[in-house]
Amino acid sequence: MRRRIISLTVLAALVATVLFALPLGIAVMQYYRDDTKADLERAADAAALAVSEDLSAGRTPVVPPLVEDDDEVGGAVGVYSPDGRLLAGHGPAVGGPVERHAASATVDVVIDREGDEVALAIPVLSGARVTGVVRAALPMSELRLRVVLTWLGMAVLAIAAIGVSWLLARRATTRLVRPLEELAAAAGRLGDGDFTARSPRAGIAEIDQVGEALDATATRIGETLERERAFSAEASHQLRNPLTGLRLQLEAALETPSADPYAAIRAGIASTDRLERTIEDLLALGRERRAPRAELDLDALLGEVREAGEALLDPRGRALRITRQDPPPARVAAAAVRQVLGVLLDNAATHGRGTVTVVARDAGDALAIDVADEGPDLGETDPFATAPSDHGIGLRLARSLAEAEGGRLRLSRPAPPTFTLLLPAAEQNESPRSAHPVQ
């Protein structure tokens, strides 16, 4: 690309120079011809004035030294008789067609090429009678030299112009191509999986726009992959909740062969349904394809929490209690809230003790859902810290889901361990409801 741009630029400069130089060269040649004619005519007029009196009197004319050694013309001046004989000055002994034509007195000035000279002749008149002819001549070589020297100067200027065009094209091409090469290198690193690759700014608006778009794409791809990697790691922890419940149910059915197998099968199918719903929720949340927020169906949600909680706690011999204390309505995505509560239930079943209590209550301008158990005092422990063998992975996932819905998840009480999910309340037009356990 670099060579192509330079070649095209130089070619354009060459074509422009040739198109300009051709008519200019012709004009220069015509200018020197006209200038030579003017010089010769001026010299001939001066000689005619000097010799006209001698010619009228029949005397041999004397060409003045100033005219004979004319430096401005650089040629020769001669005086001829009407019959073509050289009387004085320099020139051929016998006049040629130019002198004879001038002697006819039909024209004032005759100019033409004679041999290797440019000759100009004018008649010298005495009244209506031609008394002589003055001839001024310049060698063609001198005229050619003037033209050639001028053309050489023009050629040098043309070469200099083309050279400058080449230098400017090289500089402009370097300034244009180098950012493109760096942009291509950044795109190559991006294609190799380096999403931290950034393209430098070149100061060229169009190239910088491409670089900014590439950087934005790299940032989005990197963030998306990082989010999905982190979410996949965290979601694997979250999926253990329904899987653990299903396993415990199946193990309990095996340990009591006398029990109704259909009940175990129904419980297993229910756990499988919850597992499938959990997977769908996690995929949607992980790819940020959240459903539009709508008023949360708290009754249905707490019913699902009861099913999931009992599947986890019953095999461990632990109880689940769910209570409503005038909870206000909230506008959130049910999938996100369901996953947060699933994490809290799994955390209480795995790390807690005794009865697990879920309370949905009014927290002023928010819906609060508390999940507590009778486990040991957490003290100064940060349960949301990332610790592969502790609470952190699932709880951190739950906190990020809560914050994505405009809510908060916090440890409201270390003893007994109580986690509180706060969700922004919606406009409430219904009258308050009295506290009662969910049946």
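Helix axes are lines fitted to C-alpha atoms, over the stretch in contact, and the angles between them run from 0 to 180 degrees between N-to-C directions. The model examined here is predicted.

Two packed helices are described by the angle between their axes and the distance between the axes. Helix H7 spans residues 298-313, and helix H8 spans residues 334-351. Their axes come within 10 Å and cross at roughly 25°. Angles under 35 degrees count as roughly parallel. H7 and H8 are therefore roughly parallel to each other. The crossing of H7 past H8 is right-handed.

Both helices contribute a set of residues to this contact. From H7 come Leu-301, Glu-304, Val-305, Gly-309, Leu-312 and Leu-313. They meet Val-337, Arg-338, Leu-341, Leu-345, Asp-346 and Ala-349 in H8. By class, the contact holds eight nonpolar residues, one polar residue and three charged residues.

The structure holds two cavities of 30 Å³ or more. H5 supplies the largest share, three residues. The lining of the second largest cavity comprises four nonpolar, two polar and two charged residues.

Note on methods: Residues are numbered from 1 along each chain as its sequence is written. This is a predicted model: local features need pLDDT of at least 70, side-chain atom pairs count only at pLDDT 80 or more; totals for chains, interfaces and linings use all residues. Side-chain values use heavy atoms; hydrogens and water are left out. On a 1 Å grid over the protein atoms alone, a cavity is a set of points where a 1.4 Å probe fits but cannot get out, and a pocket is an open set with protein on both sides within 12 Å along at least five of seven lines; lining residues have an atom within 4 Å of a point. Grid points are joined across faces, edges and corners, and a volume is the space filled by probe spheres set on the points. Helices (H or I, at least four residues) and strands (E, at least two) are DSSP runs, numbered from the N terminus. Ala, Val, Leu, Ile, Met, Phe, Trp, Tyr, Cys and Pro count as nonpolar, Asp, Glu, Lys and Arg as charged, and the others, Gly among them, as polar. Angles under 35 degrees count as roughly parallel, over 145 as roughly antiparallel, 65 to 115 as roughly perpendicular and the rest as oblique. A crossing is left-handed if the near helix is turned anticlockwise from the far one by less than a right angle, and right-handed if clockwise. Contact means heavy atoms within 4.5 Å.
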